[in-house]
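Open the model in your viewer and keep the selection panel at hand.

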Amino acid sequence: MLKFVVRRLLLLVPILVGLSILVFAWVRALPGGPEAALLGERATPERIAAVRHEYGLDKPVYQQYVTYVGHVVTGDFGQSIKTTRPVLGDIKVKFPATIELALAALIFALVLGIPLGFIAARRYQTWADSSTIVGSLLGISIPVFFLAYLLKYVFAVKLHWLPSTGRLDPTIDIPHPTGFYVLDAIIAGDWHTFVDALRHLILPGIALGTIPLAIVTRITRAAVLEVSNEDYVRTAEAKGLRRRTVDERHILRNAMLPVATVVGLQTGLLLSGAVLTEIVFAWPGMGSWLYDATFNRDFPVLEGGILFLAVVFVMVNLLVDVSYGVLDPRIRLQGK
Amino acid sequence: MALLSVEDLTVTFSRRGRRPVHAVDGVTFSVEAGATVGLVGESGCGKSVTSLAIMGLLPRRGADVGGAVRFDGDDLLQLSPNAMRELRGREIAMVFQDPQTSLNPVLTVGRQITEVLERHRDMRGRDADREAASLLDRVGIPDPNRRLKDYPHQMSGGMRQRALIAMALACKPRLLIADEPTTALDVTIQAQILELLKELVVDSGTALVMITHDLGVVAGLCDTVHVMYSGRIVESSDRRSLFAEPRHPYTTGLLASVPRLDSPRGVPLRPIPGSPRDLLPWAQGCAFAPRCTRRVDQCTAVAPDLLPDPVTGHALRCYNPWPPGGEAVAVPAPIVAEPIVAKPAVRRARKKP
Ligand SMILES: Nc1ncnc2c1ncn2[C@@H]1O[C@H](COP(=O)(O)OP(=O)(O)OP(=O)(O)O)[C@@H](O)[C@H]1O
Ligand SMILES: [Mg+2]
């Protein structure tokens, strides 16, 4: 198992090299540079040249790349051109926000999706099954930003049930040792803040979690249908086990194997692709941060942020593969 | 009163847009306590469906079950699903054909045994583990304490089937149904498993319904044999008489297609011509008629009934049976474990990952 993990981590090196080159080339291929965003359109050529020189943008691209890699290897991701804050420092603030939102979305998807998929499989080819299928099709095809706006409009703007933007009420001020506000509230022992943080998570969590919910529901349904026909489920029934035992121990446990795979893929996507949701709900996470950086042609932020997300993506998938081994002894005990 | 009596059991599968399949078509037989009964026939004749109907394991939708299955006087077909769950695994147990797929791959073998003990014998923790180990020991699995922690994929096929038998016998059921328990195994292992089953049912007084397409299995094991064709019993009798004086052309065909000890070398086996698919619906005559060498006109007009044969006393469904002793058919070689072969085979199986 350890060997497997190490091998996967080593695989990360070529991925990162390739990706960094791509990102590097991409941001430089964007029309306009950071100087335009920084200085406005009427900047004098001298000022522009000065800024370009300051950030080393007047040098050949390959030279810039070598310098950049040199810095990154020593842990220096540079600083934002726009805000001059260190990129790594910003990531430390933005990433917990993104994780928190992704977790909320994932919990929403799993807590609803697994039972829904299971029930649909149980009621195979009844109206409950059909409506689950239709619902999940809708969930997959509805545009995220549309859903996000709809949720915000109905539940925040019209009904005032839930907050519409941000992670916390602006009047609340508690220390943030972890950057996960829900966790921070628990650490501070502040019930009011805890509830407020949760309330802020609900709408963006649903908006972001709808696609994973639809996918988890469908995969669970298909897996349960398939596993239910396995011989070992018949054996379990022949033993006279309670229905609940058969369902949970024999059917669901095996049906979770394919679900774990898609959950892993979805987690990677949730962590790196929450841009639209973050923008609609003004959620200060990685997505909206990189979105702004793209507009500002903020090269260091884009490069650092995207590389960081790539590492996260690979790590999550590694974690999924490891968890697969935990779920499935045939993989865990390979070669033993 | 018989322990199990199956009365006019019918199972019809109906699916929208398709013609209904009469998989079991009026099957009647009974099993006395402690007896071993064979249910023999080619693939697709309805053996498994019969056993699943007895167990209450047929899908609830699409399978129409008629007749009665009396166990200890109660009609199992009338019991509630929960009442059946209480009975299954405790009073009636079953062993299936394919040990490769019949065990849950993500649970240890030990867990799959203790869950039966938990459910029906109220045993927990250490007690259950100890009992599970002794069960594995009883079915001849060496080093049972270590084997409890194995996952199915770490065991050989023969050992898995032993584990499945251990699960089935965990609550000392009064009836065990074994559905082709040896078909998926190597020949030497087959013999061992049959020997084991025989030993266990004799020891514990469990009645056994042995389902097989192999008359060799029946020859060494069963008191009574029912031969099935296309969902109906075509001949039944006690084993000795069936092998000595087979009457139904299908029975003789089955016998002729099984290797025999006394047949001279070089004499080819004679398989029954045609396939079970070339059958006539019973409504139009005898289903076996299209493959039958002794067919008469009557056969394709009206299906024969299952009647006592005046000559041998068999129950027989045929207008033109073989005369007794006419076509001498010897008892096929029973499948028996040879101890010299059996011992090393066990050890070899143990080393397999
Ligand atoms: N769930 C089902 N739906 C529809 N038809 C079925 C179903 N199960 C079995 N059948 C049909 O019932 C008939 C009898 O099947 P069964 O499995 O009892 O045969 P079998 O005698 O056990 O054969 P084998 O030796 O291959 O196990 C077959 O024609 C089969 O196609
Ligand atoms: Mg079968």
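Start with the salt bridges between chain A and chain B: the count is 4. A salt bridge here is a side-chain nitrogen of Lys or Arg within 4 Å of a carboxyl oxygen of Asp or Glu. Select R88(B) and E237(A). They form a salt bridge, with the closest N and O atoms 3.6 Å apart.

A word on conventions. This is a predicted model, where local features need pLDDT of at least 70 and side-chain atom pairs count only at pLDDT 80 or more, while totals for chains, interfaces and linings use all residues. Residues are numbered from 1 along each chain as its sequence is written, chains are lettered from A and ligands numbered from 1 in the order in which they are written, and side-chain values use heavy atoms, leaving out hydrogens and water.

Next, show polar contacts across the interface. The rule finds 16 residue pairs, both residues at pLDDT 80 or more. A polar contact is a pair of N or O atoms within 3.5 Å; within protein, one must be able to donate a hydrogen and the other to accept it, and residues adjacent in sequence count only if both atoms are side-chain atoms.

Now colour the chain A side by element. α11(A) gives the most, with 7 residues. Helices (H or I, at least four residues) and strands (E, at least two) are DSSP runs, numbered from the N terminus.

25 residues of chain A contact 32 residues of chain B, contact meaning heavy atoms within 4.5 Å. The two chains bury about 2500 Å² between them, 51% of it on carbon and sulfur atoms. Buried area is the accessible area (1.4 Å probe) that two parts lose on being put together, summed over both.

Move to the largest pocket. Centre on L57(B), L58(B), P59(B), R60(B) and R61(B), which lie nearest its centre among 46 lining residues. A pocket is an open set of points on a 1 Å grid over the protein atoms alone, where a 1.4 Å probe fits, with protein on both sides within 12 Å along at least five of seven lines; lining residues have an atom within 4 Å of a point.

Last stop: the second largest pocket. Select V21(B), H22(B), S230(B), L279(B) and P281(B), nearest its centre among 20 lining residues. Strand β2 (residues 21-31) of chain B brings the largest share of the lining, 4 residues.
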